[in-house]
Amino acid sequence: MRAAWMVWAAGAAVLSPGVGVAAEPRHPNIILIVADDLGYGDLGCYGNRTTRTPNLDQLAAAGTRFTDFYVSQPVCTASRASLLTGCYANRVSMAGALNHQSRVGLDPNERLLPELLRDAGYATAIYGKWHLGDRPPFLPTRRGFGDFAGLPYSNDNGPLHPTMPDLPPLPFYRGDRVVERDPDQSRFTRRFTDLAVEFIAANAHRPFFLYLPHVMPHVPIFAAPAFRNRSAAGVYGDVVEELDASVGEAVAAVRRHGLERDTLIVFISDNGPFLSYGRHAGSAGPLREGKLTTWDGGVRVPAIMAWPGSLPANRVSRDPLMTIDLLPTLVRLVGAKPPALPIDGRDEGAVIFGRPAAPRQERAYWFYAGDELHAVRVGKWKLHVPHEYLTVDGPPGEGGRYRLEASSGT
Ligand code: MG
């Protein structure tokens with residue numbers, strides 16, 4: 001296991017930014033959109049019959065919908081660490097969810113996807129939630145992103161936390177500075193969308209990597225006034241419908257600049273729905289349990305990718321994949337330099353882009369909660385070893401219906 005990096009004093013371990021190399025004009029732009037705590041069953045193209053998600057459904061029709069796409073762990077920080085390093089979160093010592101008191105972050109020796117793409121000539125930006133360390137050496141502007149607007153950690157890490165009182169104000173960053181405290185959360189999706197559209201316009205002439213990890217629909221949830229009371233699924237549905245409209249605006253911006261065939265769009269969630277929040281949580285659809293568990297409802301997420309002309313349209317892929325595979329796949333795709341340290345993900349370009357290839361080599365995906373191994377999936381099988389997990393299905397008790405339960409099964 002490699003160590004997380006810890007800040008012991010303010011101003012420690014400041015890194016100099018890397019130097020980009022000449023752009024390769026043929027390299028595709030990459031737009032990576034991540035919803036926070038969106039459930040497997042929350043989108044129309046994944047079977048939801050109440051919430052309207054026409055833009056994501058259209059994106060799936062224009063590209064590929066993945067039915068068995070996993071995150072490495074069912075919680076924000078660990079999941080995002082895997083997404084950006086290509087490693088199981090254990091390998092890079094990122095567990096759970098960081099908060100305002102956390103002094104750890106990703107070790108600067110880890111090479112993150114934005115750093116690798118920047119060094120390959122990409123313009124890079126993140127608009128949304130970072131959640132991989134809020135001390136200066138860990139901020140996105142030190143980790144390969146040319147621009148950052150958003151939150152250093154979750155939107156419940158402030159006075160609006162649904163159950164914890166007395167948390168400090170929620171900071172909103174622009175670059176490496178806090179520019180607001182306790183921002184209006186109903187404006188988050190609008191703001192990140194506007195910044196995304198501006199970034200696409202400003203970089204239409206060169207390859208870009210736009211990382212759009214939306215804050216919503218993580219509790220506390222808020223929709224903009226224009227989306228309130230529109231969904232039959234209540235405020236949660238309003239929030240998801242606004243996110244769907246945001247995806248539509250990003251796609252429209254790509255089209256407006258004539259970049260449709262030069263842009264790979266990836267949409268995923270960072271983990272399953274936080275079921276204990278009831279009507280303020282999403283649905284795992286047919287899957288068991290949700291966030292914080294390694295059952296499929298916690299770790300199997302909606303995943304849609306589109307890239308007209310280079311990725312098959314109207315396709316449903318049932319191959320197991322995991323976020324750890326995105327970094328090596330994208331690095332290979334654009335000819336960027338891979339990380340020097342070992343990673344766990346593999347180049348799965350043949351599966352993702354639907355290229356004819358030899359039969360896929362069988363491989364295992366491991367599921368941990370923190371450092372405790374809970375399950376493994378190989379092919380169509382998933383084995384759970386006996387473990388404790390949080391469930392909302394238990395009998396009413398002291399903590400409501402949310403309790404630890406030991407179980408095994410599949
Ligand atoms: Mg999350």
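My entries follow, roughly in the order I looked things up.

**Ground rules.** I am working on a predicted model, where local features need pLDDT of at least 70, side-chain atom pairs count only at pLDDT 80 or more, and totals for chains, interfaces and linings use all residues. Residues are numbered from 1 along each chain as its sequence is written, and side-chain values use heavy atoms, with hydrogens and water left out.

**Metal site.** I looked up which residues coordinate the magnesium ion. I find D36 (OD), D37 (OD), C76 (SG), D270 (OD), D270 (OD) and N271 (OD1), at 2.1 to 2.6 Å. Donors here are N, O and S atoms within 2.8 Å of the metal (3.2 Å for Na, K and Ca); water is not among the atoms, so sites may look incomplete. The angles among the six donor atoms run from 55 to 163 degrees, and the site is irregular. For six donors, octahedral would need opposite donors over 155 degrees apart and all others between 65 and 115; four donors count as tetrahedral if all angles lie between 85 and 135 degrees, or as square planar under the rule used for six, and anything else is irregular.

I noted the donor spacing as D-D-x38-C-x193-D-N. Within that set, D37 sits in the loop between β2 (29-35) and α1 (54-62), and C76 is in helix α2 (residues 76-85), 39 residues apart. Helices (H or I, at least four residues) and strands (E, at least two) are DSSP runs, numbered from the N terminus. D37 and C76 are both buried, meaning under 20% relative accessible area, with exposed over 50% and partly exposed in between (1.4 Å probe, protein chains only).

**Backbone.** I found a cis peptide bond joining M216 and P217, omega about 0 degrees. Another cis bond runs from V219 to P220, with omega near 0 degrees. P217 is in the loop between β10 (208-213) and α5 (234-256), and P220 lies in the loop between β10 and α5.

L292, not a glycine, has a positive phi of about 75 degrees. L292 is partly exposed, at 31% relative accessible area.
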